Amino acid sequence: MTSTGLAVRVIPFLDVDAGRVVKGVNFTGLRDAGDPVEMATVYDAEGADELTFLGVSASAQGRETTYDVVRRTAEQVFIPLTVGGGVRTVEDVDRLLRCGADKVGINTGAIERPDVVTDIATRFGSQVLVLSVDARRAVDQPSGFEVTTHGGRRAAGLDAVAWAAEGARRGAGEILLNSMDADGTGAGFDLELVAAVRAAVDVPIVASGGAGTVEDFAPAVAAGADAVLAASVFHFGRLRIGDVKDALRTAGVTVR
Amino acid sequence: MTSPTVVVLDHGSGNLRSAERALARAGATVTVTACYDDALQADGLVVPGVGAFAACMAGMRQVRGPELVGRRLAGGRPVLGICVGMQVLFDSGDEHGVVTDGCGEWPGTVERLAADVLPHMGWNTVTSPEGSRLFAGLTGERFYFVHSYAVRRWQPPPSEPTAAALVTWAEHGEPFVAAVENGPLSATQFHPEKSGDAGAELLRTWVTSL
């Protein structure tokens, strides 16, 4: 029997640079895992509930390439598509939505100018805006977690839990919560981080960073995640979307 | 056999490309436009919408959307509302105590859902009534929702033609209207254009009926 109610989403994450998918251990030592449009199509066929792209390129030409990838993906894949990377203005969001993105992720742009979160939510609604938080453990912040930028190399001087709460209050409709400590380790999600943010926000949380085995996902849901995201374990075929969903189902989690 | 023409009404709302592509895949010849006459004459009209009710309704008024929908329905010409494009078909929307008039095609108010986590974001099941055409063959399928507001009560006066509408329900915190089929006027709170194969099947059914 099919279980009813909202399903926990399983989301593959694709770093896109110069039109190709890249993903490295702890965001360094990038390896090429293929064509993003082709990979999106494969993930869709395998039962991915959503796709998240990060256009890591900072150059104008690189961003044009990202727009093109989003356009081509939206023409072939009929599941929700979130796109982030270099988003700083309302116009950046408009551009990505017009290319076919359903949601837009903002990270450093929001830290530099928190008002842009409010502006984007006012113009397009909360449902389009995902606040991406790269968090790591830090004893000097009240929650024990701080916000980082530049792929985890710099501290932003913000408490990660308080920042997620402020983002939601300003109108972000979802928090993409990436543990920079767990990212690339394959040792499991940072469950304490997920639980801490769950206690502070009532918007959906996407847990990211640390997935290594199919058994890693259900604990993140138990800690409060509404969706689970992973990159390298999917790209290199170590885990299949269907196997992750089977493991979640076995653990009593509702999946599509 | 020529494919039916469908206009996706461009009233300034979000991602229209996915709706355009999904309808084309469902067999329609699709135009995204704000042109009143094109929208009036097309075999089918899709009213999209994301974001706030008031903003969507303001966009609708700019393109004479309420009048357009009314004239099409008077002539029995099909209209499909999607997400906030469905919500604006109702009497009104209540956002933080601010009430905005909708198109008034259906009775009811769009209100914030009482749920622990909002927006209601993701794939949910629906319960469709006996005789539903849009959901024929789609029992048990999930559709993609993303919204915080919804119609929580469907209570048309018994004498009205809306009383014969087929109402599909979903639940997030509480039951809400997930879709309505009412003669030429249909609508879904979820995004069929983002709901994979199940959404494609629903759109194909609608396009085929044009």
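Residues are numbered from 1 along each chain as its sequence is written, and chains are lettered from A and ligands numbered from 1 in the order in which they are written. Because the model is predicted, local features need pLDDT of at least 70 and side-chain atom pairs count only at pLDDT 80 or more, while totals for chains, interfaces and linings use all residues; side-chain values use heavy atoms, with hydrogens and water left out.

Chain A contains 10 helices and 12 strands, where helices (H or I, at least four residues) and strands (E, at least two) are DSSP runs numbered from the N terminus. Its radius of gyration is 17 Å, close to the 18 Å that the globule rule gives for 256 residues, so chain A is as compact as a globular protein of that length. This radius is taken over C-alpha atoms, and the rule is 2.2 Å times the number of residues to the power 0.38. The C-alpha trace of chain A spans about 45 × 40 × 40 Å along its principal axes. Of its 256 residues, 59% count as buried; buried denotes under 20% relative accessible area, exposed over 50%, and partly exposed in between, with a 1.4 Å probe and protein chains only.

Contacts in chain A with a separation of 6 or more come to 64% from residues 24 or more positions apart, a contact being heavy atoms within 4.5 Å. Chain A carries 25 positive and 35 negative charges, whose mean positions are 2 Å apart. Lys and Arg count as positive and Asp and Glu as negative, without His and the chain ends, and each charge is placed at NZ of Lys, CZ of Arg, CG of Asp or CD of Glu.

Within chain A, helix 10 (residues 241-250) has the buried residues I241(A), V244(A), K245(A), A247(A) and L248(A). They lie on the same side of helix 10 of chain A, because they cover an arc of only 160 degrees around the axis; the arc is that of the directions from the helix axis to the C-beta atoms. Their cover includes strand 1 (9-17), helix 1 (36-46), helix 8 (217-222) and helix 9 (232-235) of chain A. Just after helix 10 of chain A, G252(A) has a positive phi of about 90 degrees.

Helix 1 of chain A contains Y43(A), which is buried with a relative accessible area of 3%. Leaving aside residues up to four places away in sequence, Y43(A) touches P12(A), L14(A), A48(A), L51(A), F234(A), H235(A) and I241(A). Y43(A) and F234(A) are 191 residues apart along the chain, yet their C-alpha atoms are separated by 8.8 Å.

Chain B comprises six helices and 13 strands. A compact globule of 210 residues would have a radius of gyration near 17 Å, and the 16 Å of chain B agrees with this. Its C-alpha atoms fill a box of roughly 45 × 35 × 35 Å along the principal axes, and 58% of its 210 residues count as buried. Among contacts in chain B between residues at least 6 apart in sequence, 69% join residues at least 24 apart. Its accessible surface is about 8100 Å², of which 47% belongs to carbon and sulfur atoms. The centres of its 15 positive and 22 negative side chains lie 5 Å apart.

In helix 4 (65-74) of chain B, the buried residues are G65(B), P66(B), L68(B), V69(B), R72(B) and L73(B). They cover an arc of only 160 degrees around the axis and therefore lie on the same side of helix 4 of chain B. Among the elements covering them are strand 1 (5-9), helix 2 (36-41) and strand 13 (185-188) of chain B. Just after helix 4 of chain B, G76(B) takes a positive phi of about 70 degrees.

Some backbone features of chain B remain. Most residues other than glycine have a negative phi, and most peptide bonds are trans. R64(B), in the loop between helix 3 (53-62) and helix 4 of chain B, has a positive phi of about 55 degrees and is partly exposed at 41% relative accessible area. C83(B), in the loop between strand 4 (79-82) and helix 5 (84-87) of chain B, has a positive phi of about 60 degrees and is buried at 1% relative accessibility. A cis peptide bond, with omega about 0 degrees, joins L118(B) and P119(B); P119(B) lies in the loop between strand 7 (106-112) and strand 8 (120-125) of chain B.

Methods: Accessible areas come from the Shrake-Rupley method with a 1.4 Å probe; for residues, only the protein chains shown count as cover.
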